[in-house]
Amino acid sequence: MTALGWVAQPSVFPWIALVLGLCVGSFLNVVIHRMPKMLDREWRAQCAELEGREPPAAERYNLVVPRSRCPSCARQITALENVPLVSWAALRGKCAGCGARISLRYPLVELAAGLAAGYAAWRYGFTPAAFGAMLLVWTLLAAGVIDLDTQLLPDDLTLPLLWAGLLFNLFGTFVTLNSAVVGAVVGYLALWLIYWTFKLTTGKEGMGYGDFKLLAAIGAWLGWKALPLVILLSSVVGALIGVALMLFAKHGRETPIPFGPYLAVAGMIGLFWGSEIARRWLPLLG
């Protein structure tokens, strides 16, 4: 048996995907932390250029450079301190240098990325669909957490995700290409219409353009038929969490709540269980 044949075995591939997902989850934490800062630097440089000024000098900063550091003491994180899940548990959630608390979100992102990859491998086997599902979930995870932190959905994530969905469905991986193209168009226009209806009615902006692009990307992956379920799930979850925040966390009504995380979660649910939910539960709603 070849090495590839061994990896592709149903009893082996999900475990390999799980480990791969944990490692990718560690990288996603870097993306979540650094991408908003990278975009801010880029915007400031563009503004300086438009004003005829020299952009402020700054050290090279991207997803690779500089090496990860503790935000409290600036101590570089070693490779042994960066092992997914294990390092956080061994360090008891604290920096080895200064003892500052390391957020629980880091291992949770790693765990979510790993479990999703393992499930995708188990569900689809060693097929393009499994790798496509991993890519979709990992990107949705990063985009959702960034939006939760900054109320920003970077084009650097949403637009490549849209094109990747169309490319995967060029061969009918999840849906037909026609359904994917229509899904991308309808996904964008659906929230665009809601945005302008709400703005013309109330004079306020209910969501951002990044939400339009994210739903368009989900439509490109899952097809137009999945969009009603995705919108319904994201709206229900968003409403429930919004009410809970106002009741228990003193979250004012005027304080904006990002919609991207709910779209991301709904997209993941739609990917893995959308057809079953639509078949079993939506008929009960009439």
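Rings of Phe, Tyr and Trp (the six-membered ring of Trp) are taken to pair if their centres lie within 6.5 Å, with planes under 30 degrees apart counted as stacked, over 60 as edge-to-face and the rest as tilted. The structure is a predicted model, in which local features need pLDDT of at least 70 and side-chain atom pairs count only at pLDDT 80 or more, whereas totals for chains, interfaces and linings use all residues. Residues are numbered from 1 along each chain as its sequence is written, and side-chain values use heavy atoms, with hydrogens and water left out.

A search of the whole structure finds 16 aromatic pairs. In one of them, the rings of Phe 174 and Trp 221 have centres 5.9 Å apart and planes at 55 degrees, so the pair is tilted. Phe 174 lies in the loop between α6 and α7 (177–202) and Trp 221 in helix α8 (residues 209–222), so this pair ties together parts that are 47 residues apart in sequence; helices (H or I, at least four residues) are DSSP runs, numbered from the N terminus. Phe 174 is partly exposed, with a relative accessible area of 22%, while Trp 221 is buried at 0%. Here buried means under 20% relative accessible area, exposed over 50% and partly exposed in between, for a 1.4 Å probe and protein chains only.

Asn 169 counts as buried, at 0% relative accessibility.

Phe 259 is buried, with a relative accessible area of 17%, and Tyr 262 is buried at 11%. Ring pairs also link Tyr 188, Tyr 195, Trp 196, Tyr 209 and Phe 212 into a cluster.

Tyr 262 is among the buried residues of α10, which also include Gly 260, Pro 261, Leu 263 and Phe 272. Helix α10 (residues 260–280) has a kink of about 80 degrees centred on Trp 273, the bend at a residue being the angle between axes fitted to the seven residues ending there and the seven starting there.

The second largest pocket holds about 770 Å³ of space. Of the 35 residues that line this pocket, Ser 68, Arg 69, Pro 71, Ile 77 and Tyr 106 are the closest to its centre. On a 1 Å grid over the protein atoms alone, a pocket is an open set of points where a 1.4 Å probe fits, with protein on both sides within 12 Å along at least five of seven lines, and lining residues have an atom within 4 Å of a point. Grid points are joined across faces, edges and corners, and the volume is the space filled by probe spheres set on the points. The lining divides into 18 nonpolar, eight polar and nine charged residues, where Ala, Val, Leu, Ile, Met, Phe, Trp, Tyr, Cys and Pro count as nonpolar, Asp, Glu, Lys and Arg as charged, and the others, Gly among them, as polar. Helix α2 supplies the largest share of the lining, five residues.

Pro 71 is in the loop between α2 (13–50) and α3 (86–90) and is exposed, with a relative accessible area of 79%. In helix α2, Arg 34 is buried at 6% relative accessible area.

Methods: Helices (H or I, at least four residues) and strands (E, at least two) are DSSP runs, numbered from the N terminus.
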